[in-house]
Amino acid sequence: MLMGVNFALPKEARILAVGHSTPFYFARPVEWNTVWDRGALDRVADAWPGTPGVWGAKLRELGFTHVVINPTMLVVWTKSGWINPSLEPKRWLTAFLQANPALQTQDKCFIVELQAPAAPQPGSEASPAPTADRPPSTS
């Protein structure tokens, strides 16, 4: 997985690492967090609960182009009771991967390319699209 992240992704890639407890192995900048603090994915999951299919677009709006996910570590953190309950893999990982192109690495991690949000159709009279800063209206 590290080879793919360190050498195969575009130089301008902005990468979010999820479930990585050793980010110092990356040879390029990545944003990451521990189980004791909240990261970008936590904030998106909190703003858009139960909708992991849209989280990739929301992360893209925040400027990320790729997410590197270590599901094994997420399971360990879940069993330890350390993970944000919204990020337990069974709650979001499958839907997230179905909504975004992903490559599974030999070590069972995923390198996910985040898709840019769809542009509104010309002439559309729809209400303003929600953003990562403005979740959908509940009314």
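Me: I'm new to this one. How many helices and strands are in the protein chain?

Reply: The protein chain has 5 helices and 4 strands. Keep in mind that this is a predicted model.

Me: What share of the residues counts as buried?

Reply: Out of 139 residues in the protein chain, 40% count as buried. As for contacts between residues at least 6 apart in sequence, 60% of them join residues at least 24 apart.

Me: Where should I look for the largest nonpolar core, and which residues have the most contacts inside it?

Reply: Look for Trp55, Leu59, Val67, Ile69, Trp92 and Phe96, which have the most contacts inside this core of 24 residues. Two or more residues each come from strand 1 (15-18), helix 2 (40-47), helix 3 (52-61), strand 2 (66-69), helix 4 (71-80), helix 5 (89-99) and strand 4 (110-113). Another core lies apart from it, with 9 residues, including Val5, Leu9, Ile15 and Val68.

Me: Which residues does Trp55 touch, leaving out those up to four places away in sequence?

Reply: Its partners are Leu41, Val44, Ala45, Trp48, Gly50, Ser86, Leu87, Trp92 and Phe96.

Me: And how do I read a helix that is partly covered, say helix 2?

Reply: Start with the general idea: an α-helix makes a turn every 3.6 residues, so residues three or four places apart point the same way. Now the case here: Ala40, Leu41, Asp42, Val44 and Ala45 are buried in helix 2. Among the elements covering those buried residues are strand 1, helix 3 and helix 5.

Me: What about pockets? How would I find empty space?

Reply: You roll a probe the size of a water molecule over the atoms, and that shows where empty space is left. In this model, the largest pocket has a volume of about 190 Å³. Strand 1, helix 2 and helix 4 each give two or more residues to its lining. The lining has 19 residues, and Asn33, Thr34, Asp42, Ile83 and Leu87 lie nearest the centre of the pocket.

Me: How many residues of that lining are nonpolar, polar or charged?

Reply: The lining divides into 11 nonpolar, 5 polar and 3 charged residues.

Me: Last one: what should I make of phi values?

Reply: Most residues other than glycine have a negative phi. Lys108 has a positive one, near 70 degrees. You'll find Lys108 in the loop between strand 3 (102-104) and strand 4.

Definitions and conventions. Residues numbered from 1 in each chain as written. Predicted model: local features only at pLDDT ≥ 70, side-chain atom pairs only at ≥ 80, totals over all residues. Heavy atoms only, no water. Core = buried A, V, L, I, M, F, W, Y, C linked by side-chain atoms within 4.5 Å. Buried < 20%, exposed > 50% of the residue type's maximum accessible area, 1.4 Å probe, protein only. Contact = heavy atoms within 4.5 Å. 1 Å grid on protein atoms, 1.4 Å probe; cavity = no way out; pocket = protein on both sides within 12 Å on 5 of 7 lines; lining within 4 Å. Points joined across faces, edges and corners; volume = space filled by probe spheres on them. Nonpolar A, V, L, I, M, F, W, Y, C, P; charged D, E, K, R; others polar.
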